[in-house]
Amino acid sequence: GDSYVVATLETLVADPAGTVQSLYARLDLPMTEGYAERLAERARESRAYSSKHAYCLADFGLDETAIAERYGRVFDTFDF
């Protein structure tokens, strides 16, 4: 059947390992101990990372109004 789980970027950023483990569990997928350890290591690394980049929608040919019109329902669903 069609199985899916939705996770927000905020959840993934706040707890990457926990989010992925939760997704695996909700989809009834097995997770090896080695993969769980790699997830935990990557989560530790991500907490120490801070991007120095700043992005502007116009740099990518995007328009805030057009995005809001097209994806407004998604924004409302996830309270963006």
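**Starting at Phe78**

Reply: Let's start with Phe78, which lies in the segment after helix H4 (64–77). Helices here (H or I, at least four residues) and strands (E, at least two) are DSSP runs, numbered from the N terminus. This is a predicted model, where local features need pLDDT of at least 70, side-chain atom pairs count only at pLDDT 80 or more, and totals for chains, interfaces and linings use all residues. Residues are numbered from 1 along each chain as its sequence is written, and side-chain values use heavy atoms, with hydrogens and water left out.

Me: What's pLDDT, and what does the protein average?

Reply: pLDDT is the predictor's confidence in each residue, from 0 to 100. The protein averages 88, and 98% of the residues score at least 70.

Me: Which helix has the lowest mean, and which the highest?

Reply: Helix H1 (residues 9–14) has the lowest mean pLDDT among the elements, at 87, while helix H2 (residues 16–26) has the highest, at 92.

Me: Back to Phe78. How exposed is it?

Reply: Phe78 is partly exposed, with a relative accessible area of 33%. Buried means under 20% relative accessible area, exposed over 50%, and partly exposed in between (1.4 Å probe, protein chains only).

Me: And what does Phe78 touch?

Reply: Leaving out residues up to four places away in sequence, Phe78 touches Val6 and Thr8. Contact means heavy atoms within 4.5 Å. Phe78 and Ala7 are 71 residues apart in sequence, but 9.9 Å apart in space, C-alpha to C-alpha.

Me: Okay, zooming out. How many helices and strands are there?

Reply: Four helices and zero strands. Along the sequence, the pattern reads α-α-α-α.

Me: What about the overall size?

Reply: The C-alpha trace spans about 45 × 40 × 20 Å along its principal axes. The radius of gyration is 17 Å, whereas a compact globule of 80 residues would have one near 12 Å. That radius is taken over C-alpha atoms, and the globule rule is 2.2 Å times the number of residues to the power 0.38.

Me: How much of the protein is buried?

Reply: Buried residues make up 9% of the 80 residues. Looking at contacts between residues at least 6 apart in sequence, 21% join residues at least 24 apart.

Me: Take Thr19. Buried or exposed?

Reply: Thr19 counts as buried because its relative accessible area is 7%. Thr19 sits in helix H2. Not counting residues up to four places away in sequence, Thr19 touches Ala7, Thr11 and Leu12.

Me: What about Ala25, buried or exposed?

Reply: Ala25 is also in helix H2, but at 57% relative accessibility Ala25 counts as exposed. Ala25 and Arg42 are 17 residues apart in sequence and 19 Å apart in space, C-alpha to C-alpha.

Me: New topic: what's the phi of Asp28?

Reply: Near 55°, a positive value in a residue other than glycine. Most residues other than glycine have a negative phi. Asp28 is in the loop between H2 and helix H3 (33–47), and Asp28 is exposed, with a relative accessible area of 70%.

Me: Last one. Where's Arg47?

Reply: Arg47 is in helix H3, and Arg47 counts as exposed at 62% relative accessibility. Arg47 and Gly61 are 14 residues apart in sequence and 31 Å apart in space, C-alpha to C-alpha.
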